[in-house]
Amino acid sequence: MSPSLDDLPLRDDLRGLTPYGAPQAPLPVALNVNENTHPVPEEVADDILDAVARALRDVNRYPDREFTHLRESFAEYLGHGLTPDRIWAANGSNEVLQHLLQAFGGPGRTAMGFGPTYSMYPLLTRATGAQYVAGTRGPDFTLDPASAAAQVSELRPDVVFLCAPNNPTGTPLGLDVIEAVYDATDGIVIVDEAYQEFAPRESPSALTLLGERERLVVSRTMSKAFAFAGARVGYLAADATLIDALRLVRLPYHLSALTQAAATAALSHSSTMLRMVDEIVAQRDRMSATLDALGYHAYESWTNFVLFDGVDDPRATWQALYDRGILVRDVGIPHSLRVSAGTEDETTAFLEALASIDSEA
Ligand code: PMP
């Protein structure tokens, strides 16, 4: 019989934890992990493939440890006068966050987020041996500057996570909250902008606050708006000295030559890669309006997904949707489910399936 985790000399602080576990079921309509359900546009796929093929010819050598071209491309994409020495990247923004926690978390330290928020914050924090504390939000999952700053002042964490807009609720976050939290702490403030490209165009990014704030970090990902989740590329912008700290903890050559080539090529076509964002936002808004019309309550969302409540039994509705070939996410918020905006057909399939479940109930 194979041993259980309890039989292994596992770190005490990892005992009893459960790994990240969104189901990966091969259903026709997968709207559970906030992917971009549109494939990489055909006209840029060939270019990306060519770049990967060229990189493959040199794959006997280690890749550029400093991923110079990729950093230049991210600096150009982000704008705001950012230079490549103020950019970092890794295999998904999860790894970017892990690097930050390895450098600024660790044993004896504390990180905090404001729940409900991204489920990986506690897991990543604890994996570095630090303690995670969940702060609270106001009505409708909003976070106001005074409350956020007061919670941070009281706890004095080493790292603060601000998810903007927030997963799993979709909630926007004002720049005033970021400013207030930054002023209330001597720790690192991470603004996770994984979904920023889906926010209204006129809403400013936390990148506008970087300036002289040397403890502020803005993390992003290519997994959502860029339709690049399978390539695993996340990045951040911060002060150049903070980036130096991340070099202490990353593994040598952590970004493969193939990843660097694919991401650099994709970024050279950023406007084409981002072409579906408006369509996804349109489907998200259609989803919210229809959910409201069906008698649910869709929370305001600036992301590519919608959290809705008014679900009597989320587990039963999740299963009924599953049985109809549609995968959504039960994020553990009472009477709620979360669903990613899909293509027009996928969104229609979800809405029709939900309506049919309601009519049977
Ligand atoms: N931050 C947030 C808020 C997310 O929702 C996700 C993915 N679900 C990530 C970070 C990590 O994304 P990735 O590692 O694919 O970049």
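Guide: What follows is a short tour by question and answer.

Guide: This is a predicted model, where local features need pLDDT of at least 70, side-chain atom pairs count only at pLDDT 80 or more, and totals for chains, interfaces and linings use all residues. Residues are numbered from 1 along each chain as its sequence is written, and side-chain values use heavy atoms, with hydrogens and water left out.

Visitor: Where are the cis peptide bonds?

Guide: One joins Ala164 and Pro165, with omega about -10°. Another joins Asn167 and Pro168, with omega about 15°. Pro165 sits in the loop between β5 (159-163) and α6 (175-184). Pro168 is found in the loop between β5 and α6 too. Helices (H or I, at least four residues) and strands (E, at least two) are DSSP runs, numbered from the N terminus.

Visitor: Why flag those?

Guide: Most residues other than glycine have a negative phi, and most peptide bonds are trans.

Visitor: Which residues other than glycine have a positive phi, then?

Guide: Arg156 has phi near 50°, and His335 has about 60°. Arg156 is in the loop between α5 (145-155) and β5. His335 lies in the loop between β11 (326-327) and β12 (336-340).

Visitor: Is Arg156 buried or exposed?

Guide: Exposed, because its relative accessible area is 64%. His335 is partly exposed, at 45%. The cut-offs: buried is under 20%, exposed over 50%, partly exposed in between (1.4 Å probe, protein chains only).

Visitor: New topic. What does UniProt place at Lys224?

Guide: An unreviewed entry there gives "modified residue: N6-(pyridoxal phosphate)lysine" at Lys224. UniProt positions use the numbering used here, feature names are shortened, and annotations may be inferred rather than shown by experiment. Lys224 is in the loop between β7 (216-221) and β8 (234-237).

Visitor: Buried or exposed, that Lys224?

Guide: Lys224 is buried, with a relative accessible area of 13%.

Visitor: And the sheet. How do β3 and β4 pair?

Guide: In the parallel sense, over six bridges, with β3 at residues 110-115 and β4 at residues 131-136. Pairing takes at least two DSSP bridges between two strands. Phe114 has Gly135 in β4 as its bridge partner.

Visitor: What links β3 to β4?

Guide: The chain passes through helix α4 (residues 120-127), and this β-α-β crossover is right-handed. That means that, with the strands pointing away from the viewer, the path from the first strand over the helix to the second runs clockwise.
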